[in-house]
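Subject: Structure handover and findings

Hello,

Here is the structure I promised to pass on. Please open it alongside this note.

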Amino acid sequence: MAFEITYFHERVLSEVQSWPVDVLADYARLVELLAEHGPSLRLPHSRAFGDGLFELRPRGRSGIGRAFYCFLVGKRVVVLHAFIKKSQQTPDSELKTARKRLKEVQHG
């Protein structure tokens, strides 16, 4: 049975949809893999950040996208936060946003 992918907020989906076409195409491919494989999806496609937070790692010629997500009971995946990466390291502010939303999803 496949995992169901949902979004924390409509704004997160809008952010993803605003990405450059090539990054968006890779994201679509990775989301399919995530829905199929769930928590067994690993590097280079997905990376664990600890405490139940993961990142999906789409890329294209025009840039690199990142989408933070978590797993919920009942084979559900929630995409918490998404952005286009502008530097080598993930900015603390982006990670902080994702962790805050993770807490909201886990603890209501």
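Start at Thr-90. Setting aside neighbours within four places in sequence, Thr-90 is in contact with Glu-55, Phe-68, Phe-83 and Lys-85. Keep in mind that this is a predicted model. Thr-90 sits in the loop between β6 (76–85) and α3 (92–107). Is Thr-90 buried or exposed? Its relative accessible area is 13%, so Thr-90 counts as buried, the cut-off being under 20%.

**The largest pocket**

Thr-90 also belongs to the lining of the largest pocket. That pocket has a volume of about 170 Å³. Besides Thr-90, the lining holds Arg-47, Glu-55, Arg-57, Arg-59, Ile-64, Arg-66, Lys-85, Ser-87 and Gln-88. How do the lining residues divide? There are 6 charged, 3 polar and 1 nonpolar.

**Arg-57**

One of the lining residues is Arg-57. Arg-57 is in the loop between β3 and β4. Its side chain makes a polar contact of 2.7 Å with the side chain of Glu-55, and Glu-55 is itself in the pocket lining. A polar atom of the Arg-57 side chain also lies 3.4 Å from the backbone oxygen of Pro-44. Leaving out residues within four places in sequence, Arg-57 is in contact with Asp-26, Leu-30, Leu-43, Pro-44, His-45, Ser-46, Arg-47, Gly-65 and Arg-66.

Look at Pro-44 while you are there. Pro-44 is in the loop between α2 and β2 (46–50). The peptide bond from Leu-43 to Pro-44 is cis, with omega near 5°. Both Leu-43 and Pro-44 are among the contacts of Arg-57.

**Pro-58 and Tyr-27**

Pro-58 is found in the loop between β3 and β4 (59–60). Its relative accessible area is 0%, so Pro-58 is buried. Not counting residues up to four places away in sequence, Pro-58 touches Trp-19, Val-23, Asp-26, Tyr-27, Leu-30, Ile-64, Gly-65 and Arg-66. Gly-108 is another matter: Pro-58 and Gly-108 are 50 residues apart in sequence and 29 Å apart in space, C-alpha to C-alpha.

Tyr-27 lies in helix α2 (residues 21–37). With a relative accessible area of 4%, Tyr-27 is buried. What does Tyr-27 contact beyond its neighbours within four places in sequence? The residues are Tyr-7, Val-16, Trp-19, Leu-56, Pro-58, Ala-67 and Val-79. The side chains of Tyr-27 and Tyr-7 are joined by a polar contact of 2.8 Å. For Leu-56, the separation from Tyr-27 is 29 residues in sequence and 7.9 Å in space, C-alpha to C-alpha.

**Aromatic rings**

How many aromatic pairs does a search of the whole structure find? The search finds 7. Take Phe-54 and Tyr-69: this pair is stacked, with 5.6 Å centre to centre and 20° between the planes. Phe-54 is in strand β3 (residues 53–56) and Tyr-69 in strand β5 (residues 63–72), so the pair links distant parts of the chain, 15 residues apart. Both Phe-54 and Tyr-69 are buried.

Phe-54 has another partner in Phe-71. Here the ring centres are 5.3 Å apart and the planes stand at 80°, so the pair is edge-to-face. Why edge-to-face? Planes over 60 degrees apart count as such. Phe-71 lies in strand β5 and Phe-54 in strand β3, so this pair ties together parts that are 17 residues apart in sequence. Phe-54 has a relative accessible area of 15% and is therefore buried. Ring pairs link Phe-3, Phe-54, Tyr-69 and Phe-71 into a cluster.

**Two positive phi values**

Asp-51 has phi near 60°, a positive value in a residue other than glycine. Asp-51 is in the loop between β2 and β3. Its relative accessibility is 66%, so Asp-51 counts as exposed.

Lys-75 is not a glycine either, yet has a positive phi of about 55°. Lys-75 is in the loop between β5 and β6. At a relative accessible area of 33%, Lys-75 is partly exposed.

Best wishes

Note on methods:
Residues are numbered from 1 along each chain as its sequence is written. This is a predicted model: local features need pLDDT of at least 70, side-chain atom pairs count only at pLDDT 80 or more; totals for chains, interfaces and linings use all residues. Side-chain values use heavy atoms; hydrogens and water are left out. Rings of Phe, Tyr and Trp (its six-membered ring) pair if their centres lie within 6.5 Å; planes under 30 degrees apart count as stacked, over 60 as edge-to-face and the rest as tilted. Helices (H or I, at least four residues) and strands (E, at least two) are DSSP runs, numbered from the N terminus. Buried means under 20% relative accessible area, exposed over 50%, partly exposed in between (1.4 Å probe, protein chains only). On a 1 Å grid over the protein atoms alone, a cavity is a set of points where a 1.4 Å probe fits but cannot get out, and a pocket is an open set with protein on both sides within 12 Å along at least five of seven lines; lining residues have an atom within 4 Å of a point. Grid points are joined across faces, edges and corners, and a volume is the space filled by probe spheres set on the points. Ala, Val, Leu, Ile, Met, Phe, Trp, Tyr, Cys and Pro count as nonpolar, Asp, Glu, Lys and Arg as charged, and the others, Gly among them, as polar. Contact means heavy atoms within 4.5 Å. A polar contact is a pair of N or O atoms within 3.5 Å; within protein, one must be able to donate a hydrogen and the other to accept it, and residues adjacent in sequence count only if both atoms are side-chain atoms.
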